[in-house]
Amino acid sequence: MKQKTTLGLGRISVIQPIVGVLSFFFMCGNVLFWAGLMHVFALVRLLQKRGGLARTEQLYDRCFAGWITTNEWWFQRVLGVYWQLDENMVKDFEHWHLMVANHRSWADVYIILAQLNGRRPLPRVFMKQVLFWLPLVGSATWLMGFPFMKRYSKAKLQKSPHLIGKDLETTRQSCRRFIQRPNSVLSFVEGTRFSTKKQQQQRSPYQYLLKPKAGGVGFVLQAMPGKFSRITDINVLYGQENISFWDLLCGRLTAAQVIVRDVALPETMLQPDYQAAKKDREDFFVWFNLYWHDKDNRIASQLAAMKSNVMPLKEVLTEGSSSQE
């Protein structure tokens with residue numbers, strides 16, 4: 001992304017805590033404004049006698065994009081935070097996209113959304129049903145067609161065997177509106193933000209990643225057969241250690257880079273009878289672990305190039321398929 005004229009409030013160290021508080025209230029107001037606007041559109045459609053669904057969903061998408069663009073404006077133009085997005089990412093609104101990203105900070109979410117805005121359908125995330133009850137935000141995600149899912153623990157399934165398979169069926173029902181048109185699904189398969197402490201606790205064999213919890217990706221592939229032919233692999237890189245959400249709000253997160261590539265799914269996974277969450281679970285996990293190992297190696301090379309100021313980074317391990325193919 002090209003650097004533009006900025007106030008650069010985050011660069012004035014003495015006022016950074018004040019800037020952080022201002023950023024927090026701005027972010028709260030921003031999400032409430034766009035979520036509230038969605039509910040106004042929903043009410044208008046409810047009062048209409050017929051039709052209007054397609055038009056209303058377009059308005060929802062514009063609200064989603066407006067929220068992202070406004071966040072980006074604040075970070076870039078007010079705080080002076082610079083994100084180098086992958087300009088080589090091809091614009092594609094005609095196909096389904098399954099996206100997998102590494103997770104270092106809550107800032108990842110805003111950076112990835114800025115990367116996707118205007119290039120791909122803005123991603124929907126499979127959400128736990130309990131999150132529906134978050135004021136305005138939960139109902140706004142429901143209005144936008146975010147699929148809600150309900151998972152049962154192993155203990156619950158052992159106690160109530162009749163619930164086996166119920167979670168998959170519930171997710172399929174939740175996806176009925178979601179699958180009416182091409183969309184994007186985003187997954188942080190590590191399940192939590194990376195840290196050296198978590199890496200040591202897990203005894204993770206990876207240098208820059210935690211162990212993947214790929215069951216969710218397999219669940220998506222099985223719940224939505226025939227929708228995905230590849231994974232959109234997203235690497236978010238930081239050239240500094242202080243990358244917390246508070247650092248972002250204060251303007252101390254001064255640089256970030258995104259590198260994107262496509263990884264084709266094996267032909268076996270594209271077959272209609274492939275069940276990544278059931279009978280083919282072991283095969284799926286073998287493939288995914290190889291892909292994850294390859295992703296870790298690429299992050300290592302890309303970070304080394306970033307620290308040595310080798311530019312452009314997009315030329316470092318961005319093309320080709322993963323080692324397992």
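Tutor: Start with Arg181: at 31% relative accessibility, Arg181 counts as partly exposed (buried is under 20% relative accessible area, exposed over 50%, partly exposed in between, with a 1.4 Å probe and protein chains only). Keep in mind that this is a predicted model, where local features need pLDDT of at least 70, side-chain atom pairs count only at pLDDT 80 or more, and totals for chains, interfaces and linings use all residues. Residues are numbered from 1 along each chain as its sequence is written, and side-chain values use heavy atoms, leaving out hydrogens and water.

Student: Which side chain does Arg181 meet in a salt bridge?
Tutor: In general, side chains of opposite charge can pair when their charged atoms come close. Here the partner is Asp61, at 2.9 Å, N to O (a salt bridge needs a side-chain nitrogen of Lys or Arg within 4 Å of a carboxyl oxygen of Asp or Glu). Arg181 sits in the loop between helix H6 and strand E6, Asp61 in helix H2, 120 residues apart (helices, H or I of at least four residues, and strands, E of at least two, are DSSP runs numbered from the N terminus). Asp61 is partly exposed, at 22%.

Student: And within one helix?
Tutor: An α-helix has 3.6 residues a turn, so residues three or four places apart point the same way. Asp294 and Arg298, 4 residues apart in helix H10, form a salt bridge at 2.7 Å, N to O.

Student: Are Asp294 and Arg298 buried or exposed?
Tutor: Asp294 is buried at 11%, and Arg298 is buried at 6%.
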